[in-house]
Structure formats: C-alpha cells, structure tokens
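Have a look at the structure before reading on.

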Amino acid sequence: MTTTPHPAGPPPHHPDSARGYAYAYGRAQEHLYTYGSARGYGYGYGYAPGPPYVAPPLPYHRLALITGRHRWWRPLAGTGLLLAGAVAVSLVVLLGGEILGAALGRPTGEDGFRVWGGVGETGQALLALAMLLPVVLAAAHWAQRRPAGTLSSVTGRLRWGWLGRCALVGLPLVAGSFGVMLLLPGTGGAGPEGSEWAGLGNFLLGLAMVCVLVPFQAAAEEYAFRGWLTQAVGAWCRSPWVAILPQAPLFAAAHGWGTPWGFADLVVFGLVAGVLTVRTGGLEASIGLHVLNNLLAMGVSAAIAGALASDETAADMDRTAVAVDVVMLCAYAAVVLWMARRRGIRAVSAGADAAADAGAGAYSGVAR
C-alpha cells in the first residue's frame, strides 16, 4: 500500500499563535497528534504519519493546551474527577481514623466518631486536604491528557530554587504581620483571653504534626485553586484575568463563612496568589506564601491549650487583622514580582524550542 506524503503548508491556526503550529521534523513516528490516523485526515488509500504537535509558547493559564489534545469538555471532566477524589480521600481518612481508633480503644464522641483530641482531629483534616495533591495531578494527566508537571509551572516542574527564594522573601513579611496582629487589641489573633500554655509534650506533638502536614496541605490547595481552576478556565479563555478571577471567591468559600472581612481577605489572598502564579509562570510564589502563613498561624496555635481544636479559620478575621494582612500580601507581591523580573523567571513555556532540545515526548501527555 502506498501513502501520500504530508501536504505542504502550515496546519490549522492555533489560538495562541499568529504564526500557526510549530513543527519538529525528524520525530514523525512519536505517538503525538499526527495528520492521518490521529486527526482522521487520509490521503489516497493510506495514512501518512505527520510530524508531532509542538505547542507555541504558552502562559501559565493556557498550559492545558500544551499537548494539542484539549477539548471543551476536558476541564469539566477533570473538575468532576477532582470533586469525586476530594470526597473519596475524605472518606478514606475518616474510615482510617475510625479503624485505628477502634484498634487503639479511643473513646466515641456524641456524633458517634472516635475522639482524637485537637491535635489528632486537626491532623486528620490536614491529611485529607494534603491527599488532594495526587488527585489534582491525576486529573491533569487523565482528564486533560497532559503532563501533570504543567500544573507546577511553565517548565513542567516545580522550580525549587525559586520556591526557596520566595519563601525567604515571605518569611519576614508574614512573621511581621502576624506579630502585629498578636500585639494589636481586638484582632482575634492572640487567641482567647487567659490562654494557657499547652504543655511541652502537647506543643511538640502539635508542632510536629503541623510541620509535617501543613506544607502538603497548603501546596494541595494551591494546586487545586491557583493551578487546576486557573488552567481549567484558561483552557477556554485567553484573558489571564478571566482565568484568575473565579478561583478567588471559590477559595474563600472553601474556608467557610465567617465575617465579611475575613471572606474579603481570603478573596484578596486568592487574587494576589493568582496574579503571582500567572506573572511568574508557576505556583512557587503562592505555595511559599501559603505554607509560611499556615505554619506560623498553626505553630502558634499548637502552643495554646485547645487552640488547634478551634473551628476558627482565616474566614473569621476582623477588619483590623484584614488591614494588616492585605498590606503584607501587597508587599509580598511587589517584592516577588520585582525579583522575578530581575532574575528573568520564565513566565511562558518554551514551546518549540523546548521540543527541539528535550524531544517531542516532553509534550506527549505522559507525566514524568
């Protein structure tokens, strides 16, 4: 059987490139989108394997398009998978706690569940959130058929050096704002009046739990909101603002309904983190900020008797604490964006240049 070679001329117009698709000839046998069998374009009586699809440079919020396999329904399917996974991991953590509690003879509370105390129950909640991280990565790989690393950054991986620099910048800012909240009257940051020392043993146990689980919990929330939701909307809309805006109120709502000021603060946090994610091309800046904030807040709570068992979240902040927090968020964003410009942090994917160097497999949709 004979085949007709690939016709001359560029393929269909890509929504993010005025010059059409970029091609990497010499890798025509790779299992990517090809003209012929993959697209259904047959010429004569056979199919000619065409060159693999290589995306043009894309900003972070458009990375769902990086393999060329985007369809309008894929973000919806992935979101459904993410929600189902969230319910599943919550049930797994709850069931595991009940089984372990029964084995250890833990008492049963009025709700019929095993009682673990403030440290144990907070640990269960953090663990359930942390377990969302593999669920989000799986949604990108299975539902959108793209490398899971594209949720991390435009380079296809988490840039640890950049994350460390963002954390170093954020540490004095977050610590300073938290200290101000503790000193100002009426902020609610210092805990209830007459707070008692939790005791060295309880403090060390709570602090260990916080240090182990909070980085994964905060990162999972960033991957879900600033990562998945931003890129899901960005798959449909070219504007970065349209992609950034929806995740902020959803992030605030996920923390519960407290005061209007607390809700507004969480929305501002989501917007600042979203802007940093798109402008720096990855989740590193938002992860660093989120981890630092939660580590300091929950680390202090571990020192106060009963504080880890409290139901209060950032949604319960009053306006004085919100004013301090918003100033810190704006300062952090300004410093990180200045540092990103100075260091030349990549904000768009490498596109065809990366494929020429790393091979077409980098865009094949296989998670590394």
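Are helices α8 and α10 roughly parallel or roughly antiparallel to each other? In this predicted model, α8 (residues 260-280) packs on α10 (residues 319-343) at an angle of about 5°, and the two axes lie 10 Å apart. Angles under 35 degrees count as roughly parallel, and α8 and α10 are therefore roughly parallel to each other.

On the α8 side, the contact involves W261, G262, D265, V268, F269, V272, L276, R279 and T280. Facing them from α10 are residues including V322, L329, Y332, A333, V336 and L337.

Leaving aside residues up to four places away in sequence, L276 touches Y332, A333, V336 and L337, along with G281, G282 and A285. L276 also belongs to the largest nonpolar core, which has 56 residues, and is listed there among those with the most contacts inside the core, together with Y223, W228, I287, Y332 and V336. The largest share of this core, 9 residues, comes from α5. Here are some of the elements that give two or more residues to it:

| Element | Residues |
|---|---|
| α1 | 74-104 |
| α3 | 132-143 |
| α4 | 160-183 |
| α5 | 200-234 |
| α7 | 247-254 |

Next comes I287, in helix α9 (residues 284-302). I287 has a relative accessible area of 6% and is buried. The partners touched by I287 are L158, L163, A219, E222 and Y223, again not counting residues up to four places away in sequence. I287 and R226 are 61 residues apart in sequence, yet their C-alpha atoms are 9.5 Å apart in space.

Which residues of α7 are buried? They are Q247, A248, F251 and A252. Seen down the helix axis, the buried residues of α7 fall within an arc of 135°, so they line one face of the helix. The buried residues of α7 are covered by elements including α5, α6 (240-244), α8 and α9. After α7 comes G256, with a positive phi near 90°.

Methods
Residues numbered from 1 in each chain as written. Predicted model: local features only at pLDDT ≥ 70, side-chain atom pairs only at ≥ 80, totals over all residues. Heavy atoms only, no water. Axes fitted to C-alpha atoms, helices over the stretch in contact; angles between N-to-C directions. Helix = DSSP H or I, 4+ residues; strand = E, 2+ residues; numbered from the N terminus. Parallel < 35°, antiparallel > 145°, perpendicular 65-115°, else oblique. Contact = heavy atoms within 4.5 Å. Buried < 20%, exposed > 50% of the residue type's maximum accessible area, 1.4 Å probe, protein only. Core = buried A, V, L, I, M, F, W, Y, C linked by side-chain atoms within 4.5 Å. Arc of directions from axis to C-beta.
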